[in-house]
Amino acid sequence: MPKFKLEYIWLDGYEPVQNLRSKTQVKEFDSFPTLAQLPLWGFDGSSTMQAEGHSSDCVLKPVAVYPDATRTNGALVMCEVMMPDGETPHVSNHRSTILDDADAWFGFEQEYFFYENGRPLGFPEQGFPAPQGPYYTGIGFKNVGNIARQIVEEHLDLCLAAGINHEGINAEVAKGQWEFQIFGKGSRTAADQIWVARYILLRLCETYGLDIEWHCKPLGDTDWNGSGMHCNFSTKFMRETGGKAYFEALMAQFGKNLEDHISVYGPDNHLRLTGKHETAPWNKFSYGIADRGASVRVPHSFVNNGYKGYLEDRRPNSQGCPYRIASQVLKTVSEVPTK
Ligand code: ADP
Ligand code: MN
Ligand code: MN
Ligand code: MN
């Protein structure tokens, strides 16, 4: 029987941004293991802000498994963190309590910066490169350098090999900034894939001596773009029935719940959602057709289809937790009657 290298991955207890953690367990299986075959495992929660030293065991409960193309017989095992009884979710385990709906579809656009020695990749040691303009979807050494695209391509291939549903990649507005898009049906499915794709990217970058900067405004109040994680979403009702009246009621509810959304859309978002750089001010809800300066962008296709299809909430940021973001979207949707 082959020995499989199972990389158990979980989110630690740091706030406001949880870090990814992982460790390997080697186990024999006849063939690539199913989720049901994967055992619970444990770790020392006192080192991850998840327990006190005198009672430090936490339990890892596998919730999704993906092939790991970087290893012979490798598997990436996404886990929830449980209390020692193995049944009670740990307080840091947000996945366990979120709203889910297999007919709710999510497309997340994860933006991020490659960082080298504390600076965006491609920035000179002092000062700044040429201003923004040519970098977005840019081609050529002076725009994207000579390593970033290679990493982005390798990341794409590793994610596809893992069965992660990437829908695209592009160079972004700032130098050293890139994006990938992942589409999934159900909030847990889509959000698990974002976390695992983040994991794969971080691990890949180790070999290049680079870090990923996930902060939403790493260059502060300058003319350099921040990073978002736009959340495109549609429910079955939005896709099949929709209508202008429902759309307007939905947007009114999004407006009413502004604080709830902002509170889970990632830290420091007031630094990014300023009204500049294709953002709307964080404290004022707005929507608009094809409007990238609105909180929610309504695609042309949505209106042309009789107010049916998906909407794009542009406010979630690059450091946001996709579990909590998707759940809040579903919560607000659930408050709007469909009759
Ligand atoms: P842009 O950069 O113009 O905002 P992208 O192409 O980067 O657009 O992202 C659009 C996202 O919308 C993709 O992640 C895609 O998966 C998602 N999407 C498309 N159709 C739907 C749908 N019906 N429901 C939810 N998400 C969708
Ligand atoms: Mn995009
Ligand atoms: Mn983008
Ligand atoms: Mn977008």
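This is a predicted model: local features need pLDDT of at least 70, side-chain atom pairs count only at pLDDT 80 or more; totals for chains, interfaces and linings use all residues.
Trainee: Let's start with ligand 1: how many residues surround it?

Mentor: Look at the closest ones to begin with: Gly107, Phe183, Asn232, Ser234 and Tyr310. By class, the shell splits into five nonpolar, seven polar and three charged residues. Altogether, the number of residues surrounding ligand 1 is 15.

Trainee: And which strands each supply at least two residues of that shell?

Mentor: Have a look at the stretches 105-116, 166-171, 177-185 and 229-234, each of which gives at least two residues to the shell around ligand 1. In strand names, those are E6, E8, E9 and E11.

Trainee: On to the helices. Are H2 and H3 parallel or oblique to each other?

Mentor: Two packed helices are described by the angle between their axes and the distance between the axes. For H2 (residues 148-162) and H3 (residues 187-206), the axes come within 10 Å and cross at roughly 135°. Angles over 145 degrees would count as roughly antiparallel. H2 and H3 therefore end up oblique.

Trainee: What kinds of residues make up the contact of H2 with H3?

Mentor: On the H2 side you've got Ile151, Glu154, His155, Leu158, Cys159 and Ala162, and they meet Val196, Ala197, Ile200, Leu201, Leu204 and Cys205 of H3. Sorted by class, these contact residues come to 10 nonpolar, one polar and one charged.

Trainee: Now the open sheet of five strands: which strands stand at its edges?

Mentor: Read off the order, E2-E1-E5-E4-E3, where the pairing is mixed. The two edge strands each have a single partner strand, so one side of each is left without a neighbour in the sheet. They are E2 (20-28) and E3 (41-44).

Trainee: Which residue in E4 is the bridge partner of Asp44?

Mentor: E3 pairs with E4 (residues 57-67) over four bridges, in the antiparallel sense. Asp44 belongs to one of these bridges. Its partner in E4 is Asp57.

Trainee: At what angle does H3 run to E2?

Mentor: H3 lies across several strands, namely E1 (3-11), E2, E4 and E5 (74-82). Relative to E2, H3 runs at about 90°.

Note on methods:
Residues are numbered from 1 along each chain as its sequence is written. Chains are lettered from A and ligands numbered from 1 in the order in which they are written. A residue is near a molecule or strand if its C-beta atom, placed from the backbone, lies within 6 Å of it. Ala, Val, Leu, Ile, Met, Phe, Trp, Tyr, Cys and Pro count as nonpolar, Asp, Glu, Lys and Arg as charged, and the others, Gly among them, as polar. Axes are lines fitted to C-alpha atoms, for helices over the stretch in contact, and angles run from 0 to 180 degrees between N-to-C directions. Angles under 35 degrees count as roughly parallel, over 145 as roughly antiparallel, 65 to 115 as roughly perpendicular and the rest as oblique. Two residues are in contact if their C-beta atoms, placed from the backbone, lie within 7 Å. Two strands pair if DSSP finds at least two bridges between them.
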